Amino acid sequence: MSGTSPEPDRRIDRNLFVTVSGPPGCGATTLVEGIAESLDCGYVSGGELFREIAAERDMSLSQLIAETGESEEIDRALDRRLRRIAEKWGAANKAFVLESRLAGWIAGNRADIRIWLDAPDEVRADRTAERQEMTSEMQVREVIEEQRYKSYYGIDLSDRSIYDLVINTGRWDAAATMDLALTGIERYDVDADEGAFDTPDFEV
């Protein structure tokens, strides 16, 4: 995802809990870092928690990924950590950003703004070329993951209705994508808010 980070002086004084979600190569990491910088707040990513779990179990990332394919326990352990973070920051009335593919669903109604990023498969494959994953392999992996989440929690990841902002990052560079997201955050008016789509809680 080409482009630059947001202007250092674009600060937004809002106590909002924001989630960012999307498939690999969508540009979520870049966006999360920029939002956190602008809100002057902390953030947590699902990838960071996944690496944390691997370290705790004295496993490499590839070993943990392999185990994830054999048992739902790893997925659920990760999602429980995400849920605890969502519960904490959803009640804190302070700015925070949570990123993972399920962040919007797991945070649910606790989040103030939920963002979904995506891009065409070939664009995301180019961005993740260093991961040595072909477009077809990426598609298969994502279908398997969607089936797992549907089986675990009854979640349909193709349902974008729960998100407040949905951005195709293949159409805008990183700086423009950041501007779109920050403008949405900056101009969000609680008093004018007529309602987000309700997201029911589920057991993790």
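Reply: Let's begin with the overall order: starting at the N terminus, the elements of the protein follow the pattern β-α-β-α-α-α-β-α-β-α-α-β-α. That makes 8 helices and 5 strands. Please keep in mind that this is a predicted model. Of the 204 residues in the protein, 46% are buried.

Now to the helix itself. H4 covers residues 73-90, which is 18 residues. From its first C-alpha to its last, H4 reaches 25 Å, close to the 26 Å expected at 1.5 Å a residue.

Which residues of H4 are buried? They are Ile74, Asp75, Arg76, Ala77, Leu78, Asp79, Arg81, Leu82, Arg83, Ile85, Ala86 and Trp89.

Where do nonpolar residues gather? In soluble globular proteins, nonpolar side chains tend to be buried together. Here, the largest nonpolar core has 32 residues, and Phe17, Leu98, Leu102, Trp105 and Tyr153 are those with the most contacts inside it. Two or more residues of this core come from each of helix H2 (46-56), H4, strand S3 (96-99), helix H5 (103-107) and helix H7 (135-153). H4 gives the most to this core, with 7 residues.

One is the loop between strand S1 (17-21) and helix H1 (28-39), where glycine 25 lies. Glycine 27 is found in that loop between S1 and H1 too. Glycine 25 counts as buried because its relative accessibility is 14%, and glycine 27 counts as buried because its value is 15%; the cut-off is under 20%. An unreviewed UniProt entry lists both under "binding site", together with Gly22, Pro23, Pro24, Cys26, Ala28, Thr29 and Thr30.

The other part is the second largest pocket, with a volume of about 150 Å³. Its lining consists of Asp112, Ile113, Asp164, Leu165, Gly184, Tyr188, Asp193 and Ala196. By class, that lining has 4 nonpolar, 1 polar and 3 charged residues.

Definitions and conventions:
Residues numbered from 1 in each chain as written. Predicted model: local features only at pLDDT ≥ 70, side-chain atom pairs only at ≥ 80, totals over all residues. Heavy atoms only, no water. 1 Å grid on protein atoms, 1.4 Å probe; cavity = no way out; pocket = protein on both sides within 12 Å on 5 of 7 lines; lining within 4 Å. Points joined across faces, edges and corners; volume = space filled by probe spheres on them. Nonpolar A, V, L, I, M, F, W, Y, C, P; charged D, E, K, R; others polar. Helix = DSSP H or I, 4+ residues; strand = E, 2+ residues; numbered from the N terminus. Expected span 1.5 Å × (residues − 1). Buried < 20%, exposed > 50% of the residue type's maximum accessible area, 1.4 Å probe, protein only. UniProt positions renumbered as here; feature names shortened; annotations may be inferred. Core = buried A, V, L, I, M, F, W, Y, C linked by side-chain atoms within 4.5 Å.
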